[in-house]
Amino acid sequence: MANQKHDQQEFDRYLQGSSPLSTTYQHNDAGGPTELTDARILAAAKSAVNKPSTGSPFGGYQRMVPTSIAALFMLTLAAVFIHDQFPSTPLQPAPVLSSAPTSSPEDHAAAVVGQTALNESVSTSKPQPASAPLELARVDSQTRAAPDPVTASKAASPAPLKEPMHRLQQDTANAYADTSAGARGKPEKAEQYKEKGLAAIEESKTARLSDKIVATKVRSADNWLTDIAARLKNQQIKQAKVELQAFRKNYPHHVIDPKRFPEIIRLLAELEPGSPSP
Amino acid sequence: MLQQFTDEQLMLRYRDGDASAFEQLYTRYKQPLHRYLQHQCGNKATAEELFQDVWMNLIRARQRYEVTASFKTFIYRMAHNRLIDHYRKQRHGIPRSYHEDEILQNSWEFADPISPEQTVSGQQQWHILLQAIESLPEAQREAFLLKENTGLSLEEIASITGVNSETAKSRLRYAVNKLRKTLDL
């Protein structure tokens with residue numbers, strides 16, 4: 001208890017500044033920063049003052065904010081002006097030019113069926129003869145394989161997907177039949193509508209296949225040959241052969257320039273032994 | 001001429017572009033600030049680095065400087081913050097003593113107290129004191145060093161270290177008692 005009291009008295013003395021502890025601590029006040037540190041700090045302080053931090057007309061955050069706001073305002077005005085001067089025209093969907101499917105086969109199937117179900121009543125594709133779908137399917141399988149072996153393998157391989165795709169088409173047809181029959185109040189005709197729905201799907205598929213053939217034809221012979229030559233150059237012999245065969249089917253009478261494509265001529269000679277070699 | 005200005009006036013002058021005002025401020029503060037950092041870290045090289053950082057931070061912050069408190073409080077708060085950053089980057093993080101408001105007096109081990117028979121010179125006594133300071137828990141050590149090197153009040157020390165006055169007073173009391181007993185004062 002007496003100790004505590006003594007400690008408190010000593011502490012009060014210390015706070016008043018008359019303690020021998022402070023005297024001892026202040027006894028030796030040697031030390032301090034090195035001269036190098038002194039020099040560095042003073043130099044930094046001077047250079048900070050001499051450097052004009054906001055001297056330039058566009059320097060400094062404080063000036064950047066109003067400038068940004070003004071720029072945004074000008075851009076908005078310009079956009080409004082352009083909109084008034086050139087009223088927008090409705091955007092047309094881009095035509096499909098490539099025969100190679102870019103999305104997955106499932107997406108592709110869903111897209112075909114979905115589109116068919118929507119457009120069935122307003123379908124503009126002309127009816128094809130019964131043999132046409134088969135013929136077109138054969139050509140389509142070739143053209144799919146032809147332009148790009150990578151996409152060709154994608155398109156050719158998914159045999160297991162045929163079942164889900166078929167089921168999806170059936171479901172769509174069923175849905176169509178239910179809706180149509182339900183709307184017309186004649187449930188006994190559901191079967192007829194279902195058949196009609198399937199026929200519409202087939203029609204739409206036919207239309208797409210013919211589009212693809214046109215798209216493949218659109219690819220110029222020259223570009224195609226250049227691609228094949230590039231594949232040969234990259235030692236992709238198999239792919240080049242496949243492409244060359246597809247090319248010959250699409251352009252059976254095209255004369256290949258032996259000066260420009262000597263390697264293709266050689267490949268052609270391998271594939272078609274009867275053809276003239278360079 | 002600049003000697004007549006207060007710290008705050010000098011800092012304002014420096015803010016407005018007077019480099020010589022900074023020199024004056026630096027001359028006033030370099031010694032105690034360096035000593036505070038060196039005795040707090042116990043390492044000269046680290047103290048040198050922290051010391052330089054504190055002044056560099058002050059130089060960078062000069063344009064935002066407003067007189068809201070005394071310059072002394074301002075610069076020592078910067079130093080304290082830099083010190084805490086330094087501790088945070090250490091393996092053990094911020095020392096426990098900064099989190100403990102109840103200070104464990106008994107857990108502290110006294111440095112060998114000087115026996116009454118021993119007669120030590122002033123220089124020796126100072127070295128013993130330095131060792132004793134080094135063995136204090138960091139928070140208590142800082143309270144003592146701030147008091148000794150700045151002469152600030154308990155409220156100002158509390159403000160610098162971010163604690164209430166009672167905690168600051170308690171830390172200082174424990175530190176003073178331990179040091180006094182070590183030196184047999």
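Among the elements of chain A, which has the lowest mean pLDDT and which the highest? Keep this in mind as you look through the views below, because this is a predicted model.

**View 1. Confidence along chain A.** Helix H7 (residues 149-156) of chain A has the lowest mean pLDDT of the chain's elements, 42, while H3(A) has the highest, 92. Chain A as a whole has a mean pLDDT of 67, and 46% of its residues reach 70 or more. Two stretches to find in this view are residues 98-162 of chain A, where the pLDDT is below 50, and residues 180-185 of chain A, where the pLDDT is also below 50. Beyond near neighbours in sequence, residues 98-162 have 76 contacts in the model, and residues 180-185 have 6.

**View 2. Where chain A touches chain B.** Here you can follow the contact between the two chains, built from 25 residues of chain A and 30 residues of chain B. On the chain A side, helix H1 (2-16), helix H2 (20-27) and helix H3 (35-50) each supply at least two residues. H3(A) gives the most, with 9 residues. Sorted by class, this side of chain A has 12 nonpolar, 8 polar and 5 charged residues.

**View 3. Two helices of chain A that cross.** Helix H11 (residues 237-250) and helix H12 (residues 262-271) of chain A pack with their axes 11 Å apart, at an angle of about 80 degrees. Angles of 65 to 115 degrees count as roughly perpendicular, so that is how H11(A) and H12(A) are described. Look for Ala240(A), Lys241(A), Leu244(A) and Gln245(A) on H11(A), which meet Ile264(A), Leu267(A), Leu268(A) and Leu271(A) on H12(A). By class, the contact of H11(A) with H12(A) has 6 nonpolar, 1 polar and 1 charged residues.

**View 4. A loop residue with a positive phi.** Gln235(A) sits in the loop between helix H10 (221-233) and H11 of chain A. Although Gln235(A) is not a glycine, its phi is positive, about 65 degrees. Is Gln235(A) buried or exposed? A residue is exposed if 12 or fewer other C-beta atoms lie within 10 Å of its own; Gln235(A) has 9 such neighbours and therefore counts as exposed.

**View 5. A kinked helix in chain B.** Helix H2 (residues 19-41) of chain B has a kink of about 45 degrees at Tyr29(B), shortly before the proline Pro32(B).

Technical notes:
Residues numbered from 1 in each chain as written. Chains lettered and ligands numbered in written order. Predicted model: local features only at pLDDT ≥ 70, side-chain atom pairs only at ≥ 80, totals over all residues. Contact = placed C-beta atoms within 7 Å. Helix = DSSP H or I, 4+ residues; strand = E, 2+ residues; numbered from the N terminus. Nonpolar A, V, L, I, M, F, W, Y, C, P; charged D, E, K, R; others polar. Axes fitted to C-alpha atoms, helices over the stretch in contact; angles between N-to-C directions. Parallel < 35°, antiparallel > 145°, perpendicular 65-115°, else oblique. pLDDT = per-residue confidence, 0-100. Buried ≥ 20, exposed ≤ 12 C-beta atoms within 10 Å, placed from the backbone. Bend = angle between axes of the 7 residues up to and from the residue.
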